[in-house]
Amino acid sequence: MDYQKLMAARMAQLAPSATLRINALAKELQSQGKPVLSFATGEPDFPTPPQIIAAAEVAMRSGKTKYTATPGIPELRRAVADRFRRNYQVDYEPAEIIIGAGGKQELYNLCQVILNPGDEVIIFSPYWVSYPEMVKLAGGIPVIVEGGIETGFVPTLAAVEAAITKRTKAIIVNSPNNPTGAVYPRDYLQALGQLAVNYNLLLVSDEIYDDLVYDGAHTCIAALSPEIRERTITIGGVSKSFSMTGWRLGWAAGPAPIIKAMTDLQSHSTSNPSSISQYAALAGLTQDIPELAMMQAAFRRRRDLMFEQLARVKGFSLILPQGAFYLFIDLRQTPGYTTSEEFCAQLLSEQLVAAVPGEAFGAPGYFRLSYATAESDIIEGCRRIAEFIARR
Ligand code: PLP
């Protein structure tokens with residue numbers, strides 16, 4: 001059978017997630033007994049805090065194991081609204097919030113409900129791997145605006161404005177950023193929001209790493225002004241803050257008609273996020289979870305540790321990331337550089353260190369390391385990387 005012929009044409013242009021692929025390769029080598037150190041994952045290495053697990057157990061034992069309302073249980077939608085109010089002084093009604101199986105699902109739903117074929121969406125590179133694919137799956141056209149290390153991993157406003165056309169529907173912003181760890185300055189976000197107002201565009205603000213800012217404070221774009229809020233959809237979730245990636249629980253907050261459309265779509269796809277995960281997330285958002293501060297402090301230490309080791313490597317160019325848990329390194333000046341893909345393939349085969357090449361993020365010439373790993377692994381991994389470079 002020629003299964004390719006049976007597949008929808010849209011699959012021909014879909015690239016699988018490169019980060020998940022590299023991670024799977026690293027896990028396979030590990031299962032063969034090889035001492036692979038993986039810095040390729042996008043998830044905290046900590047266990048989910050015990051109070052959250054306890055809340056899930058209670059939920060299961062007390063029969064909270066049925067379908068829930070499509071946009072999530074009302075208590076959780078309220079808790080998310082309370083979090084926006086508490087952290088960023090921005091008001092949302094529960095009807096302006098939808099809970100889903102991860103921030104990823106809500107970004108996907110959002111693209112499906114706002115994009116018509118041919119609509120353009122501005123995405124900043126380096127970008128999170130899924131944005132262009134989600135846009136394409138909805139019939140949209142990703143328009144990439146570059147923001148490399150030269151501009152601190154933030155594209156200039158002039159470059160963003162130059163990319164706007166009559167067909168532009170939205171701009172996707174991600175601060176703190178994956179893969180660069182950049183935290184966009186408040187003034188910049190204010191000006192970007194104003195640009196969206198001036199050109200009547202939607203702003204999709206992926207703030208999934210908002211709890212992981214090490215210098216300064218996170219800026220919630222929707223809190224900047226009422227005009228910006230009314231055109232912004234904010235994405236968030238518990239995956240990164242509470243080390244709950246496997247629970248699949250995230251949210252979107254935005255104008256009620258858009259959230260309603262996303263709910264209608266969700267009612268025909270997943271129905272609702274897992275009831276148990278919703279009760280677990282509720283505990284995370286409404287109880288005092290001491291592990292949160294502990295994890296934040298650990299990430300900051302690891303960031304400093306990794307940065308310090310790698311800044312010394314000949315040919316590497318990097319800037320201290322202010323948030324998330326990634327370092328994005330410019331390796332174009334390293335000895336023997338050809339492509340980042342080749343660099344990462346050799347690093348894995350020769351030194352058993354897994355990293356993600358910049359090509360995956362639309363930024364050839366760079367590679368990404370996650371520091372959501374033990375400090376001892378960071379020290380050993382950096383040693384192996386330095387050794388690898390010294391040999392070239
Ligand atoms: N946005 C960014 C930038 C991410 O890095 C991730 C996860 O890696 C997500 C969204 C989705 O997170 P989740 O679906 O686990 O909530």
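Student: Which residues come nearest to the ligand?

Tutor: This is a predicted model, where local features need pLDDT of at least 70, side-chain atom pairs count only at pLDDT 80 or more, and totals for chains, interfaces and linings use all residues. Residues are numbered from 1 along each chain as its sequence is written, and side-chain values use heavy atoms, leaving out hydrogens and water. There are 13 residues around the ligand, each with a heavy atom within 4 Å of it. The nearest are Gly103, Asp206, Ser239, Lys240 and Arg248.

Student: How far is a polar side-chain atom of Arg248 from an oxygen atom of the ligand?

Tutor: Let's look at polar contacts, pairs of N or O atoms within 3.5 Å. A backbone N or O atom of Lys104 sits 3.0 Å from a ligand oxygen, and a side-chain N or O atom of Tyr209 is 2.8 Å from a ligand oxygen. For Arg248, the distance is 2.7 Å.

Student: How much of the ligand's 400 Å² does the protein bury?

Tutor: Accessible areas come from the Shrake-Rupley method with a 1.4 Å probe. The ligand taken alone exposes 400 Å². Of that, the protein buries 93%.

Student: Where is Pro176?

Tutor: Good one to find by eye! The peptide bond from Ser175 to Pro176 is cis, with omega near -5°. Helices (H or I, at least four residues) and strands (E, at least two) are DSSP runs, numbered from the N terminus. Pro176 is in the loop between β5 (168-174) and α8 (186-198).

Methods:
A polar contact is a pair of N or O atoms within 3.5 Å; within protein, one must be able to donate a hydrogen and the other to accept it, and residues adjacent in sequence count only if both atoms are side-chain atoms.
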